Structure formats: structure tokens, C-alpha cells
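Here is a short report on a protein complex.

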Amino acid sequence: MKHYSAFAVAREALRYHTGWERAWRSPEPKKRYDVIIVGAGGHGLATAYYLGKNYGIQNVAVIEKGWLGGGNTGRNTTIIRSNYLQDPSAAIYEKARGLYEDLSQDLNYNVMFSPRGVMMLAQTQHEIRGYQRTAHANALQGVQTEWITPERVKELVPIINIDGPRYPVLGALWQERGGTARHDAVAWGYARACSAMGMDIIQQCEVTGVRQDNGRVVGIDTTRGAIDCDKLGIVVAGHSGQLAEMAGFHLPLEAIALQALVSEPIKPCMDVVVMANTVHGYMSQSDKGEMVIGGGTDGFNNYTQRGSFHHIEETVRALIETFPMISRLKMLRQWGGIVDMTGDRSPILSKTPLGNCFINCGWGTGGFKAIPGSGWGMAQLMATGHSPLTEAFTLDRFKEGRFIDESVAAGVAH
Amino acid sequence: MLILNCPYCGVDAEETELAAGGEAHLKRYGPGSSDDEFHDYLFMRENPKGVHFERWRHVNGCGKWFHAARCTQTLEVFGTYSAQTTEPPQKIKDAITTKRPGWSWRELS
């Protein structure tokens, strides 16, 4: 892999950019790998990357049904934050946020991490109490957040209407080092770094079966033939249920569509991320100038990567009350992704009933922000059998009643 | 937008009139059941990519709960039926078989 740098840009400029290499190889699958990761999204690629970087396991394949980063990694609203109430969530999301800080240097790939600040508006008395509690919890967890007044909100976001009649802004939970990153670049950066370590990223290769012997995984069947492995990591978000079925177990998940949209590009008007959980919408401005808007899930089981228009309408209607100026904007495009929701709205990073088979799923509506931390913890779990980051997120926590109840703590938007 | 026919008031209700109520025909477990049964009842859902039976409420209409048979892969609706039943009527099952031969859902097929 050639190193990306200012000198490389200058060198290539002098020879008409003929020397750039492909960022990652597209090899034919080998007969056998030490570890196979199913799913070349952010979480899968990050898992592979930290397996190689932290544990020296480099005989790894990442198998992808579609194209790299084409699932929820390419479909989210790119928000990064770690202001969670529960300790296990704060730990893994803060680990991820910390890794995002120098991810571009680590991967030698510009992921455009922009710690512009994330603000979660309190628009009811209940939310004030909830977010103040979260701010106190974050102080104990070592996550830097603070409770700010409506005046400070207005100062940070001049386009906001803080004294709306129905949903006035009563304050906000502010995480200064939260922000956004370029979602595709996160997947591409990890893919390039994995490929440079000699890992094989095999796209357009669908897994059709999981082969097992004596209660342990021994390989997978794919549309490009059978591949043997010692360990298998299933990191496929919306389709986790299908993969689990092939591996012979069942997951406490439901697949639901979550939509997002962007407006036409406009001049810079908002340089923080604002989330309004009471009215259920969140918004930031991309580097291209588009207002990136997300809302709630569609609410019924759906595998189609598209949702109903009235959910978009609800989200936009709510945001217009808080940001009156966006009422004049044209919406440019809208899309949906399939999110895998668990009963407590927290992810599952766990061993499974099948030996040497691991699962990373259930990130629901909030997986992008966790990619580096999730990969870090999952790699540790797969390499050593235990990770302090993932130990609370086991598959059996539902049976044991150890919920990580963020559906209450985080309101709704993840 | 999803349009379901309410079997009670007969209205073809669009999604804004409806509220989704999750998987249908759950067998409820309470005191005296095993941990596994209770866990499965609370958390384990079929979550199929394909034929699915679910509960809906005609909330901005007649207010009644009913059942729908739907495909989660194509969003095709096979039919709706009364909530006063523990499994879909033969008519619904036949309608699904015509369009998805060999379908199965839990113990139904």
C-alpha cells in the first residue's frame, strides 16, 4: 500500500495522477482462513482491522453480499456521540469516539472526523431531568458532556427557534467532542488498511450456509464456493436473523426500516449536530451544504430498505417548528436502511450457541458512531474469548434480565 | 404507503390511520412457566424475511385491533382478518400459498 500524504499528491500531480493504486484488492477467496467475518460494513471491517492490528491475526477474509459499505454504513446520518446513561454503553461508545479522534492518522485515510459538537435538546420538563441525569452519569463515566441553557443553545445554533409555542427549547445536553465523520470513508479507510495487512475483502459473495462439526463452526458455503475457517464473526446488521438461522440459533431481533433524507445544498448555517428527541428529528449540515435529517423508525417489520413517506413528513414537520428556515428548503433525496432492533435497544456482541461463532448485531438505529469501539471489542472477544467492552452485551442478557436499557436513557434517537 | 383493509369497519386504511402492534399469535407465558418460555415470549420474534403475521390497530378509525398477513421482503399484503382468533383463517393461508408456495411461519405452513 502506498502511503497517502501531501508529498504523494504532489508526486502524482507531476505525473498526471497515473500512479494511484486501487485502495483495496479484490481477490478470489482462498480455501481456508483463520477468521472469516461476514459483512463488509463498518463494524465488520473494523473487527477485521483490529484483529490484525491488535492481535496479529491477519489470515482473515471479510465476505460481503453486496458492495463494501453499501448497507447501513452508507445509509446513516453520520453522527458520533457517546452521551449515554448506562455504563456499558458509555464505555463502548466513548471508546469509539476516542478512536475516531485520530482514526484518519491511524488508517492513513481521511475519514473527515469533525468534532463539531452534538446537542440534544430538552423540550419538556421530563427531558430536562433526564438529560441532567445523563450529564451527571457522564461525569462519573469520564465522558465529557454538560448541561447548557437555552441562551447558550441559541448562541451555538443561531437558526434555532428556542421559544416555539409547542416545543420550546428548555436547555440541552451538550457534548463538545461529538460530531460527524464521512461514513463511506470510514468503511473505505478500514478496507484499505485491512487489504494492506493481507486480508481478503470478497464482495458480491453471499453466504448460503454455515458448516459445523461437533457444535463448532468449520466453514461457510457461499455463492463463490465453500470456505473453511477456525472462527466466524457475523456482523451483518439487518440480516443477522437470516445468518443466525443458517448457524442454527435464533436472535432476539426485529428488522425495521429507518429513513433519512438530505436537503438541497445551502451555505453554511449550522455547525453543530442538533437532536430533538421529543419531536423525533435530528439534523446536521454536511460539508457539501446539505441539511442531513433523520427521524424515527417506521415501526413494522420490513426488509426492503425503503419506508413510508409519512414518516419523513412527520420528521420534517417537527423540525420545521424548531428550525423555521428549513421550511423553504427542497428535499433532495431520501433513503432507508434495515436496522436490527433488540428488546432493550442495545447491541449484542457475544459468543453464540455455536462454538467459535461470534455475533455483533442489534445496533439498531445507532451503529455508525460505534464502529471503531465495536470493532475493537469484537476483535478482542474473537481473539481472546473475552472483552471488557463487550461483556455486558451478551446474547443471554435478556434471559438473565440484565438489560442495558438505553431506549429509556437515550430517548429514541440513537 | 401501506394500505390495509380493516376487517371490522371495512375501510381501506392507509398507514397514517394505523398503528403497528408487532407479531401476531404470540402464546403468552406467565407465572409457572420456564425461563426459556418466558424469554422467548418476551424477546424472541420470528422476524422473517418473507411471510409474516402481525397485529395492527385501526387507531385513527374504528379503533379496533386486527391481524394482517404481509410479506416483509416485498411489502405485499396477503389479507387481513379478525383479531378474535389464534391462527389465520384457511382463506388467508390459501391466499399466501397461491403467491408463496412452500411458505412457513412458526408451525404454520
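Helices α2 (residues 42-55) and α10 (residues 371-384) of chain A have axes that come within 7 Å and cross at roughly 55°. α2(A) and α10(A) are therefore oblique to each other. Angles under 35 degrees count as roughly parallel, over 145 as roughly antiparallel, 65 to 115 as roughly perpendicular and the rest as oblique. Axes are lines fitted to C-alpha atoms, for helices over the stretch in contact, and angles run from 0 to 180 degrees between N-to-C directions. Helices (H or I, at least four residues) and strands (E, at least two) are DSSP runs, numbered from the N terminus.

This is a predicted model, in which local features need pLDDT of at least 70, side-chain atom pairs count only at pLDDT 80 or more, and totals for chains, interfaces and linings use all residues. Residues are numbered from 1 along each chain as its sequence is written, while chains are lettered from A and ligands numbered from 1 in the order in which they are written. The predictor gives the complex an ipTM of 0.92 and a pTM of 0.95. Chain B has a mean pLDDT (the predictor's confidence in each residue, from 0 to 100) of 95.

**Helix α10 of chain A**

α10(A) also meets helix α3 (residues 87-101) of chain A.

| Helix pair | Axes come within | Crossing angle |
|---|---|---|
| α2(A) and α10(A) | 7 Å | roughly 55° |
| α3(A) and α10(A) | 6 Å | roughly 110° |

α3(A) and α10(A) are therefore roughly perpendicular to each other. The crossing of α2(A) and α10(A) is right-handed. A crossing is left-handed if the near helix is turned anticlockwise from the far one by less than a right angle, and right-handed if clockwise.

Which residues of α2(A) meet α10(A)? Among them are A:H43, A:Y50 and A:N54. Their partners in α10(A) include A:W376 and A:M382. Contact here requires C-beta atoms, placed from the backbone, within 7 Å. The contact of α3(A) with α10(A) includes A:K95 and A:Y100 in α3(A), and A:G373 and A:W376 in α10(A). By class, that contact has 8 nonpolar, 3 polar and 1 charged residues. Ala, Val, Leu, Ile, Met, Phe, Trp, Tyr, Cys and Pro count as nonpolar, Asp, Glu, Lys and Arg as charged, and the others, Gly among them, as polar.

**The sheets**

In chain A, 8 strands form an open sheet with mixed pairing, in the order β5-β6-β4-β13-β14-β15-β12-β16. Two strands pair if DSSP finds at least two bridges between them. β5 (146-148) and β16 (331-342) of chain A each have a single partner strand, so one side of each is left without a neighbour in the sheet. The twist averages 25° from one strand to the next. Inside this order, 5 bridges join β4(A) to β6(A), which run antiparallel. One of the bridge pairs is A:A122 with A:G171.

Chain B has an open sheet of 4 strands, β3-β4-β5-β6, with antiparallel pairing. Its edge strands are β3 (19-23) and β6 (77-82). Helix α2 (residues 90-99) of chain B packs on the sheet and touches β4, β5 and β6 of chain B.

**Between the chains**

How many residues does each chain give to the contact? Chain B gives 18 and chain A gives 19. On the side of chain B, α1(B) supplies the largest share, 4 residues. That side has 7 nonpolar, 6 polar and 5 charged residues.

How values were computed. Contact = placed C-beta atoms within 7 Å.
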